Amino acid sequence: MKNERTIGGFAITVIFIFFITLTLAKPAMAQDDDPQPEREPKTGWRLGGLLPTITFDSDLGFQYGALVNIFNYGDGSRFPRYDHSLYFEISRFTRGSGNHRFFYDSDQLVRGIRTTFDLTYITDPLMSFHGFNGHESSFHPGFIDEELTDPQFAYRSRAFYAHDRKMFRTKLDLQGALAGENLRWVSGFELYNFAIGSVNEAKLNEKLDPEDHLPDVPGLYDLYKQWGFIEPGEANGGWVNYLKAGISYDTRDNEPNPMRGVWSEVVLVVAPNFMVTGDYGHAKLSVTHRQYFTLIENDLSFAYRLGFQQTVAGRAPFYIQPLVVTSFLRSINSEGLGGSRTLRGIRRNRVVGDGFAMGNFELRWKFARFNIGATNVYLGLNGFFDAGRVIDPIDINLDAVPPAERALHFDRDGERVHMTAGAGFRVAINENFIVAADFGRAFDERDGGSGLYIGLNYLF
C-alpha cells in the first residue's frame with residue numbers, strides 16, 4: 001500500500017504540474033506556429049521563481065512555505081548565464097522539519113571570482129539515522145511500520161531510525177581562474193553547528209491523535225550511544241569549521257542543465273582540532289567527475305556523475321559523516337548517501353562511512369518548448385540509475401553489543417552496491433529556475449523500497 005500511495009502521489013503531482021503549465025502556456029502557444037520558439041535573451045533583474053513551496057519528499061513529507069529566486073542577467077549578452085542570483089526560502093515539512101535559507105551566487109561581485117554564500121538553519125526532529133557502513137547495519141521495516149506483522153521484527157517506533165537534529169550552516173566559497181577559463185582554483189570556509197539529541201516523543205505526540213502516539217522506546221541512535229559507537233563528546237553535536245581548497249575543471253555550456261561539457265573537481269576540507277568541538281579534528285577528500293553528452297541537438301542528452309569521498313586524516317564526529325563535500329551547493333543540503341540528492345529511492349542517509357563511492361546516470365529529454373509572454377519554458381523527462389557503496393567502513397567494536405542484538409542489527413559482511421532506478425519530470429523557466437519531480441525505487445529491500453522527491457533543479 002505504501003508504495004502504491006507514493007506512485008499515485010507522483011503521478012498526481014506530475015499531471016498537476018503538466019496541466020498547470022500547459023494551461024498557462026495555451027494563449028502563447030496558440031499564437032505561435034513554431035514548435036521550437038526562439039529563446040529570448042533576458043536583461044536586468046528578473047523573477048525566476050516566486051512560489052508557495054508545496055513539494056514532497058518521501059523522507060520528510062509534504063513541504064509548505066514560500067521561496068523566491070531572483071536573477072540579474074545584466075545586458076543579456078551572457079543569457080542564460082546570470083550576473084547575480086539571490087535565493088530565499090522559509091518552509092516546513094509535515095514530518096516536523098523546517099528550512100530557513102539565503103543563498104547568493106555571482107561571478108560579477110568581484111570580477112574574475114565566482115562567489116557563493118550560503119546561510120541556512122534546518123530543524124529536523126526525525127533526522128534519519130540508519131547506523132554506519134550501509135548494509136553492515138541492518139534495516140528492518142517492521143521496526144517502524146505497525147502494519148507489518150513479522151514477529152521476528154516486531155514494531156518498535158516510527159522514530160526508531162531517527163534522532164533530533166538542528167543544524168546551522170554558513171558557507172563562503174570562492175573560485176578563480178587558474179589556467180585559461182576552464183581550470184579554476186577553489187577555496188572557502190564552512191561553519192556548521194549541530195544540536196543533536198534523542199527523538200522527543202512527548203513533543204511530537206502533542207500534535208498527534210492518541211492512536212498515533214510514538215512510544216517512548218530507545219531508537220538506534222540511543223543504542224549506538226549505549227554500545228559506545230557514538231562517544232559522549234559527539235553525542236550532542238557541536239561545532240565543525242572547515243577550511244576548503246581544491247581545483248575544478250568546468251566546460252559546461254549551461255550550468256542548470258548542460259547539453260555538453262565536463263565538470264570535474266578535487267576538493268579537500270580540513271577541520272583542525274581547534275576548529276572542532278571535542279577531539280575530532282579531521283580532513284576529507286572529495287573527487288567528483290560529471291560529464292554531459294548531446295544525443296539530439298537541444299533536446300536529448302546523457303549525463304553521468306562519479307564521486308569518491310574519503311576521510312584522510314583524524315576522526316570525524318558521527319553527525320558530520322553524512323556530508324557530501326562539493327565546491328558548489330546546488331540545493332539546501334548535500335548529504336547522503338540515500339535520498340533526494342544522491343541515491344534516489346534509498347532511505348535518507350542509509351549509506352554512511354569513512355569512505356564511499358557513487359555514480360548517477362541520466363537520460364534527459366526536453367520534449368516541449370514554448371513561451372508564456374516573455375518567459376521561456378521547457379518541459380523535460382529524465383530516466384536515471386543511481387548506485388553507491390561504502391568503501392571504507394567506520395570502525396566499530398561489537399564486543400559491547402549483546403549477542404541477540406548483534407545478530408539483529410549487524411551483518412559485518414553485508415555491504416554491497418546500493419542501486420536504484422527511476423524517472424522524473426522537469427519544468428524549466430528561463431533556463432535557470434527548474435521545478436523537479438523524481439521517483440526512484442531501490443533494487444534491495446534492505447534500502448527501504450522507493451522514494452518520491454519534488455523540489456528544484458537537476459541532480460547535477
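Biologist: Where does Leu337 sit?

Modeller: Leu337 is in the loop between E12 and E13. Strands (E, at least two residues) and helices (H or I, at least four) are DSSP runs, numbered from the N terminus. This is a predicted model, where local features need pLDDT of at least 70, side-chain atom pairs count only at pLDDT 80 or more, and totals for chains, interfaces and linings use all residues. Residues are numbered from 1 along each chain as its sequence is written, and side-chain values use heavy atoms, with hydrogens and water left out.

Biologist: OK, and which peptide bond at Leu337 is cis?

Modeller: The one from Gly336 to Leu337, with omega near 0 degrees. Phe79 and Pro80 are also joined by a cis peptide bond, with omega about 10 degrees. Pro80 belongs to the loop between strand E3 (61-72) and strand E4 (84-93). Most peptide bonds are trans, and most residues other than glycine have a negative phi.

Biologist: What's the phi of Asn298?

Modeller: Positive, about 70 degrees, although Asn298 is not a glycine. Asn298 is in the loop between E11 and E12. Glu431 also has a positive phi of about 70 degrees without being a glycine, and sits in the loop between strand E15 (418-429) and E16.

Biologist: Is Glu431 buried or exposed?

Modeller: Glu431 counts as buried because its relative accessibility is 6%. Buried means under 20% relative accessible area, exposed over 50%, and partly exposed in between (1.4 Å probe, protein chains only). Asn298 is partly exposed, at 44%.

Biologist: Changing topic: how many salt bridges are there in the whole structure?

Modeller: A search finds 29, taking a salt bridge as a side-chain nitrogen of Lys or Arg within 4 Å of a carboxyl oxygen of Asp or Glu. One of them pairs Arg290 with Glu265, at 3.3 Å from N to O. Arg290 is in strand E11 (residues 282-296) and Glu265 in strand E10 (residues 261-271), so the pair ties together parts that are 25 residues apart in sequence. Both Arg290 and Glu265 are buried.

Biologist: And what does Arg344 pair with?

Modeller: Asp438, in a salt bridge of 3.4 Å, N to O. That pair links distant parts of the chain, 94 residues apart: Arg344 is in the loop between strand E12 (300-314) and strand E13 (355-372), and Asp438 in strand E16 (residues 433-442). Arg344 and Asp438 are both buried. Elsewhere, salt bridges that share partners join a network that includes Arg78, Asp105, Asp250 and Arg252. Within it, the closest N and O atoms of Asp250 and Arg252 are 2.6 Å apart.

Biologist: What about Asn133, which residues does it touch?

Modeller: Val352, Gly353, Val390, Pro393, Ile394 and Glu415, not counting residues up to four places away in sequence. Contact here means heavy atoms within 4.5 Å. Asn133 is in the loop between E6 and E7 and is buried, with a relative accessible area of 2%. Asp411 is 278 residues away from Asn133 in sequence, yet the two are 9.9 Å apart in space, C-alpha to C-alpha.

Biologist: Last one: how many helices and strands in the protein?

Modeller: There are 5 helices and 17 strands. Of the 460 residues, 56% are buried. Among contacts between residues at least 6 apart in sequence, 67% join residues at least 24 apart.
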